[in-house]
Amino acid sequence: MAQGDTVFAGSIPQFYDQKLGGLLFAPYAADLATRLKSLASGRLLETAAGTGIVTRQLATHLPAAVEIVATDLNQPMLDYAASQPGLHRVKWQPADAQALPFPESSFNVVVCQFGAMFFPDRVKAYREARRVLKPGGQLLFNVWDRLDTTPVMAAAVEGLARRYPQQDSWFLDRTPCGYHDQAVIGADLKAAGFTVVQTHVVKLSGKLGSALDAAIGLCQGTPMRAEIEALDKDGLDAATSAAAEVIAARCGQGPRATPLQAVVVEASK
């Protein structure tokens, strides 16, 4: 993972939430919240909460007896999340998933949406999740499957690759879609001490508002923005247009549904 792949600052949180929320993240946020419908009380920890897309689902659907603590390493993302309406019940706290500032056995569930791919040491992060879980507690998270299984992201990378053939790799392929091997995920979790691990490929549909909005979100609302600007200082808008052109050709101009594919993982302490 490149050093800049974890930087979400400036206007990135807003573009990430507004342009990519319904397209990529909201469907899987609802899926994770549904998987926790039996949680009637206790404490839930969310790591890598980002702009709060999962947090909003949890706050809406879980009973008031469940305490929700949402954390993220990136303060700009956490600030944006905390500013969203309807989240007064959530306790926000900056935290590194690899060094959680909580005592042992203090949560019933740990949830992480599309964050595990960013952990420099995943086994360490999983070990920390296990440490703060109560006996019998659950770790629930998801990761993107291979890049080619989610056409809108694959199309954006294709458009950029055509424009900048000198670039060896792109953020979307390298990091968000770079940790999908279920055998590797399972081995990492078992190395961290989890004994029960289940993985599922989950296919859902996102809402493609327009090809251009998708391109803005992917090119300007993720660390891919820094990659583009490093290659072409004044070329961000042109690069975004190049991505939008391929997205439109492969996925349609929108509005329409577009296929998504991720791996959902459940592990028990």
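Reply: Two strands pair if DSSP finds at least two bridges between them. Strands (E, at least two residues) and helices (H or I, at least four residues) are DSSP runs, numbered from the N terminus. This is a predicted model, in which local features need pLDDT of at least 70 and side-chain atom pairs count only at pLDDT 80 or more, while totals for chains, interfaces and linings use all residues. Residues are numbered from 1 along each chain as its sequence is written, and side-chain values use heavy atoms, with hydrogens and water left out.

The account starts with a pair of strands. Strands β4 and β5 run in the parallel sense and are joined over 6 bridges. Within this pairing, cysteine 112 stands opposite phenylalanine 141 of β5. Strand β5, residues 133–144, is mostly covered, as 9 of its 12 residues are buried; buried means under 20% relative accessible area, exposed means over 50%, and partly exposed lies in between (1.4 Å probe, protein chains only).

The loops on either side of β4 come next. Most residues other than glycine have a negative phi. Serine 105, in the loop between β3 (91–94) and β4 (107–113), has a positive phi of about 55 degrees although it is not a glycine. Phenylalanine 114, in the loop between β4 and α4, also has a positive phi, near 50 degrees. Serine 105 is partly exposed, with a relative accessible area of 33%, whereas phenylalanine 114 is buried, at 4%.

Helix α4 (residues 122–132) packs against helix α7 (residues 182–191) at an angle of about 55 degrees, their axes being 8 Å apart. Axes are lines fitted to C-alpha atoms, for helices over the stretch in contact, and angles run from 0 to 180 degrees between N-to-C directions. The two helices, α4 and α7, are therefore oblique to each other: angles under 35 degrees count as roughly parallel, over 145 as roughly antiparallel, 65 to 115 as roughly perpendicular, and the rest as oblique. Arg122, Val123, Tyr126 and Arg127 of α4 make the contact with Asp188, Leu189 and Ala191 of α7, where contact means heavy atoms within 4.5 Å. The residues of this contact divide into 4 nonpolar, no polar and 3 charged. Here Ala, Val, Leu, Ile, Met, Phe, Trp, Tyr, Cys and Pro count as nonpolar, Asp, Glu, Lys and Arg as charged, and the others, Gly among them, as polar.
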